[in-house]
Amino acid sequence: MAREAAEETARPHGVGGHLGLVAEADRVVTHYFEALDPAYKGWRWAVTVARAARARNVTVDECVLLPGDGALLAPPWVPWLDRLRPGDLGPGDLLPTPADDVRLAPGFTQVIDGADREAQWELGLGRARVLSQEGRDEATTRWYEGVAGPRASIAVSAPAQCSTCGFFVPLAGELRQVFGACANEYAPDDGRVVSADHGCGAHSEAVVVPAASEHGPPVIDELGYEVVEGEGEAAGSDEALGHS
């Protein structure tokens, strides 16, 4: 009975040999058969049969296709929001922020000083949500440990830190103590957030231009040729040596 149910469900590919059985409960048994469908290599048909208490007839409960050892499976499903990575968002794309995003908090709960409080409660200009403390910590760690931090290769070889650069524009709020934006169009970080101890070769005070190298007077090799006084020139004059 179990094989007949599997063959009927597996048409037109049929089923292979019997792979065993498992007693699920009293009077409930699942039989396993090899799946012959080439698209389901390593899978098996599972047919569960049962007999009710004090009943004589056995019936088929279900017939399903289940993966076996070595079966080709789809990767685990991951929600689209968890699949996103920095840089995936393109022009015209929308990225809705979930209502329970831990990086954000209601604006009135994150007021720090009087200026922020006044801005939050100004009619029509307040924001519904702002960065939470957790969101702020994640951002500062990501920025500080990335290419905008002090350990970047360009910062290690910089003549001075961004905190002493005239093009460094500090951020507002708590982030002001550590981060700012670069306003030097010739710097590689122009328009980006950098740490105060970051740096590059476009520092505003790196204005010392190397002096032109001073060369000594030319050395004339008089062993390879003979200096001849030219016509109308006095012997030993500079022009005899090619100088004007």
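**Stop 1: helix α1.** Select R3 and E7 in helix α1, residues 2-10. The two are 4 residues apart, so about one helical turn separates them. Now show their side chains. E7 and R3 meet in a salt bridge, with 3.7 Å from N to O. Keep in mind that this is a predicted model. How covered are the two partners? E7 is partly exposed, at 33% relative accessibility. R3 is also partly exposed, with a relative accessible area of 32%.

**Stop 2: the other salt bridge.** The count for this model is 2 salt bridges. For the other pair, select E174 and R136, whose side chains meet at 3.1 Å, N to O. E174 sits in the loop between β7 (168-170) and β8 (179-182), while R136 belongs to helix α4 (residues 133-145), so the bridge ties together parts 38 residues apart in sequence. Is R136 buried or exposed? R136 is buried, with a relative accessible area of 12%. E174 is partly exposed, at 40% relative accessibility.

**Stop 3: the largest nonpolar core.** Go back to helix α1 and select A2, A5, A6 and A10. They are among the 12 residues of the largest nonpolar core. Which elements supply at least two residues each? They are α1, β2 (28-35) and β3 (43-50). In soluble globular proteins, nonpolar side chains tend to be buried together.

Zoom in on A2. Leaving aside neighbours within four places in sequence, A2 touches H31, F33, V47 and V49.

**Stop 4: a second core.** Next, select A148, C165, V194 and A196. They are included in a separate core of 6 residues.

**Stop 5: a surface patch.** Switch to a surface view and select M1, V58 and V60. Together they make a nonpolar patch of about 240 Å². V60 lies in strand β4, residues 59-67. V60 counts as partly exposed, at 34% relative accessibility.

Stop 6: Select P159, in the loop between α5 (153-156) and β7. P159 is exposed, at 56% relative accessibility.

**Stop 7: colour by confidence.** The chain averages a pLDDT of 79, and 73% of the residues score at least 70. Where is confidence lowest, and where is it highest? Helix α3 (residues 114-121) is lowest, with a mean of 50. Strand β9 (residues 193-195) is highest, at 95. Now select residues 120-124, where the pLDDT is below 50. Beyond near neighbours in sequence, this stretch has 6 contacts in the model.

**Stop 8: the whole chain.** Zoom out and switch to cartoon. There are 5 helices and 9 strands. Follow them along the sequence: α-β-β-β-β-α-β-α-β-α-α-β-β-β. The chain has 244 residues, of which 22% count as buried. Its accessible surface is about 18,000 Å², and 55% of that belongs to carbon and sulfur atoms. Among contacts with a separation of 6 or more, 42% join residues 24 or more positions apart.

Key:
Residues are numbered from 1 along each chain as its sequence is written. This is a predicted model: local features need pLDDT of at least 70, side-chain atom pairs count only at pLDDT 80 or more; totals for chains, interfaces and linings use all residues. Side-chain values use heavy atoms; hydrogens and water are left out. A salt bridge is a side-chain nitrogen of Lys or Arg within 4 Å of a carboxyl oxygen of Asp or Glu. Buried means under 20% relative accessible area, exposed over 50%, partly exposed in between (1.4 Å probe, protein chains only). Patches are made of residues with over 30% relative accessible area and no salt bridge: like charges are joined within 9 Å, nonpolar side chains (Val, Leu, Ile, Met, Phe, Trp, Tyr) within 5 Å. Accessible areas come from the Shrake-Rupley method with a 1.4 Å probe; for residues, only the protein chains shown count as cover. A nonpolar core is a set of buried Ala, Val, Leu, Ile, Met, Phe, Trp, Tyr and Cys residues joined through side-chain atoms within 4.5 Å. Contact means heavy atoms within 4.5 Å. pLDDT is the predictor's confidence in each residue, from 0 to 100.
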